[in-house]
Amino acid sequence: MLKATKIILALSGTASLAACGSGGGVLGRERPDEFAVQRQTPLVVPPDFSLTPPQPGAPRPAEGTAAQQALDALFGGPAPRSAVETSALDRAGDAEPGIRTAVGDPGTFTVDKGTTTRAIVAAPEGDGQDARAVIPG
């Protein structure tokens, strides 16, 4: 019984491998040529010869700066504001010119200044050469 099973497996494996050959068989059917499906039109020279060459050193009209191209690619350029956003900005009014200085002042209550924020704001200016990390506890 075991010998018959081995012979059957060997014959089916041989038949399967023979079917993979390129000389006809099951998979050797005719396939269409993908390049013969559509007729290629001949190349022609466009009839408009009135194009002027660009001036040397002039910026290209279709291109901006690299930063502007990156912003346009990421965000799609400037979008119009919605009515709700425009209304909120109109009601808020203009910001005071020195608001950033007042926020950092320890005497103001504009932001919740915890101990970490107070330590950062009160830290002396420097290039960081004398900085050190302290693990509390």
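This note goes through the confidence, fold, surface and charge pairing of a predicted model.

1. Basis. The model is predicted, and local features are taken at pLDDT of at least 70, side-chain atom pairs only at pLDDT 80 or more, while totals for chains, interfaces and linings use all residues. Residues are numbered from 1 along each chain as its sequence is written, and side-chain values use heavy atoms, with hydrogens and water left out.

2. Confidence. The pLDDT (the predictor's confidence in each residue, from 0 to 100) averages 75 over the protein chain, with 74% of the residues scoring at least 70. Where pLDDT is low, the predicted coordinates should not be read in detail.

3. Fold and burial. The protein chain holds 5 helices and 0 strands, these being DSSP runs (helices H or I, at least four residues; strands E, at least two) numbered from the N terminus. Of its 137 residues, 1% count as buried, where buried means under 20% relative accessible area, exposed over 50% and partly exposed in between (1.4 Å probe, protein chains only).

4. Charge pairing. Arg 81 pairs in a salt bridge with Glu 85, their closest N and O atoms lying 3.5 Å apart; Arg 81 is exposed at 55% relative accessible area, whereas Glu 85 is partly exposed at 38%.

Technical notes:
Salt bridge = Lys/Arg side-chain N within 4 Å of Asp/Glu carboxyl O.
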